[in-house]
Amino acid sequence: MLENEEIEEPTIKPVKEIFQTFFKSYSAVTGLIILIGIAVMGFIGPLFYPTDPFDMVWMPFSPPGADGFLLGTDYLGRDILSQIINGARVSIAIGFSAALVSCFIGVGIGSFAGFYGGWVEETLMRITEFFQVLPTLLFAMVIVALFGSSVLSITLAIGAVSWASVARITRSEFLRIKELDFVLASRSSGSNDMALIFKVILPNAAAPIIVQSALLVGAAITFEAGLAFLGLSDPNVVSWGQVIGSNRVYILDATYTVTFPGIAIFITVLAISLVGDGLNDALNPKLRSR
Amino acid sequence: MLLVLLVVVVLNFFMLHLAPGDIADTIAQTMGGADEQDMAELRKQYGLDQPFFIQLLNYVVKVALLDFGHSHFYNLPVFDLIMERFPATLLLVFSAQILSIFVGILLGVYAAQNPNGLSSLFVNMFSLFGYAAPVFWTGILLLIAFSLHVPIFPVSGMRDITIESSNFFVHFFDVLRHLFLPMITLASIFFAYYSRLCRASMLEVLGADFVRTAKAKGLSKKDVLLKHALKNSLSPVITFAGLSFSAVVSGAILVETVYSWPGLGTLAFNSIISRDTPVLLGILIFSTLMVTVGNLLTDLTLKALDPRIKI
């Protein structure tokens, strides 16, 4: 095992170095700060701004800034600022957990396909191709429409349709790494397949998978917003897309009811993409000149 | 290709089967309730009392014969409903795809000539916007702008029913005018991807030996760029176009809903509201068909560009 670790070392960059590269990039740090700010807003914000997002608090269509409501009120007289604060929690939670779900499925399928090759690879990659051809939004709509629109079913639906890219990346990394010497060394020292896949190869394949998953978080947030816009959101929690969807009819009278939640989505996804770019540079310097 | 469709159909069946409640429940609900005996009668009528595999086989055979079931909301066969809406979606998806590829290539070629200049920066900013702004939001913003501030393009529907001309071209331009905003909105997601891809692959090709040869031969700058460099840098762009078809179809659903474009997207939106599951499943099958055909077309284009590629 000692020998094996010696060979393994150079392919994984030291954590300290990764952090240094990441924090040297202004855009990545800005993205991270914005993201943390939005998460804090979503999870702690309601303590400081206790207005219930579902409460009718004032007259409908009160413009931003007037009557003490910073972002105005919507068509039912609900406070939009409160909807944005509370919507952040849902967006961030669904975005991250859906990306986690697709990461699990994608890594599972990709690693087995890449490691075993042969008919296993053939079958699994056919399934992956199928999920690339499927119009993902429609498929998720069908799942949510049939199985009910709870936060859980929405998360699982998004996760279940967006793992194909992770699977492809994992597979190609596995194909590359499984031929390297340290894997052979580990195999000859008696590791079984599971240990080889999850302890030896996977840590070395992690960098591109992490970067792809970071981008998936952003995609999942827009995805959830799209579903909510179409009316497929959990009716018990407020979400940004749902605010846009329900105010859509009134945009000509009250433009701000859709502008502000849209800006919230935009900034969040932008921040995630900046963090993703930063991670990409930090974990994988070879890919920088993309 | 047929295999993909078969898998979608089987998947549809499984989801219908696993989902809580069946068609008898739905009908009973709309009738305002039914007793056990009527429910059993209904289930028998729809073949729900048969064994699982027989049901699956029945479903697949029915779909293969283009029978997608009956929409209880519109009271029409699903197939007729879909065929009525399908051309509109087809028009939107393919025109947006072609527009985004075309504009993307233009921007990419332009940016590649000056890799560190302003135009490259612009392309990068643009691509971040395309990635981060949800397409339905872009659509709503454009809709507000074009309905309140510059009312030159119609913002909803596909035809102006007040036109009473029998001239084909009048109707043609009417549809084009209506198509403009939805098409721009849908294409806006992908401008950026194509321009980035095209820029990167142009940069790579511009450094290649054959481009230097072409320059040394004394060809004009335009000929070198368009005939030699561009043609050889197109294949990643076209490959991506094939991969992005399913995303375009997904985006089309949202864009259609925003602009009330009478295609499959608005139909899907309505069938969600009215809980019209057979329609939704039919749309899923049809849009998968559209994506597979799109993939086939991109494969053929790739082959036309580079005869070495075998399909």
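The points below take up the model, its two chains, and then some local features.

1. Basis of the model. This is a predicted model, in which local features need pLDDT of at least 70 and side-chain atom pairs count only at pLDDT 80 or more, while totals for chains, interfaces and linings use all residues. Residues are numbered from 1 along each chain as its sequence is written, and chains are lettered from A and ligands numbered from 1 in the order in which they are written.

2. Confidence in chain A. The pLDDT is the predictor's confidence in each residue, on a scale from 0 to 100. Chain A has a mean pLDDT of 81, with 89% of its residues at 70 or more. Where pLDDT is low, the predicted coordinates should not be read in detail.

3. Make-up of chain A. Helices (H or I, at least four residues) and strands (E, at least two) are DSSP runs numbered from the N terminus. Chain A comes to 12 helices and zero strands. Of its 290 residues, 50% are buried; a residue is buried if 20 or more other C-beta atoms lie within 10 Å of its own, exposed if 12 or fewer, and partly exposed in between, with C-beta atoms placed from the backbone. Two residues are in contact if their C-beta atoms, placed from the backbone, lie within 7 Å. Among contacts in chain A with a separation of 6 or more, 71% are between residues 24 or more positions apart.

4. Helix H3 of chain A. Ile38(A) is found in helix H3 (residues 26-48) of chain A. Ile38(A) counts as buried because it has 22 C-beta neighbours inside 10 Å. Leaving aside residues up to four places away in sequence, Ile38(A) touches Ala88(A), Ile92(A) and Thr268(A). Its C-alpha atom is separated by 8.4 Å from that of Ile85(A), 47 residues apart along the chain. The buried residues of H3(A) are Ala28(A), Gly31(A), Ile38(A), Met41(A) and Gly42(A), and their cover includes helix H2 (15-24), helix H4 (80-116) and helix H12 (256-283) of chain A. At Gly42(A), H3(A) bends by about 45 degrees, and Pro46(A) follows within four residues. The bend at a residue is the angle between axes fitted to the seven residues ending there and the seven starting there.

5. Make-up of chain B. Chain B has 14 helices and two strands. Of its 311 residues, 37% count as buried. Its C-alpha atoms fill a box of roughly 85 × 50 × 40 Å along the principal axes. Residues 24 or more positions apart account for 73% of the contacts in chain B with a separation of 6 or more.

6. Helices H7 and H8 of chain B. H7(B) and helix H8 (residues 168-206) of chain B pack at about 145 degrees with their axes 9 Å apart. Axes are lines fitted to C-alpha atoms, for helices over the stretch in contact, and angles run from 0 to 180 degrees between N-to-C directions. Residues of H7(B) that meet H8(B) include Leu142(B) and Phe146(B), and those of H8(B) include Leu181(B) and Ile184(B). By class, the contact has seven nonpolar, four polar and no charged residues; Ala, Val, Leu, Ile, Met, Phe, Trp, Tyr, Cys and Pro count as nonpolar, Asp, Glu, Lys and Arg as charged, and the others, Gly among them, as polar.

7. Two local points in chain B. None of the eight residues of helix H9 (residues 209-216) of chain B is buried, so this helix lies largely in the open. Gly218(B), which follows H9(B), has a positive phi near 95 degrees. Ser260(B), in the loop between H12 and H13 of chain B, has a positive phi near 45 degrees although it is not a glycine. Ser260(B) counts as partly exposed because it has 15 C-beta neighbours inside 10 Å.

8. Where the chains meet. In the interface, 37 residues of chain B are in contact with 35 residues of chain A. H14(B) gives the largest share of the chain B side, 10 residues. That side has 28 nonpolar, nine polar and no charged residues.
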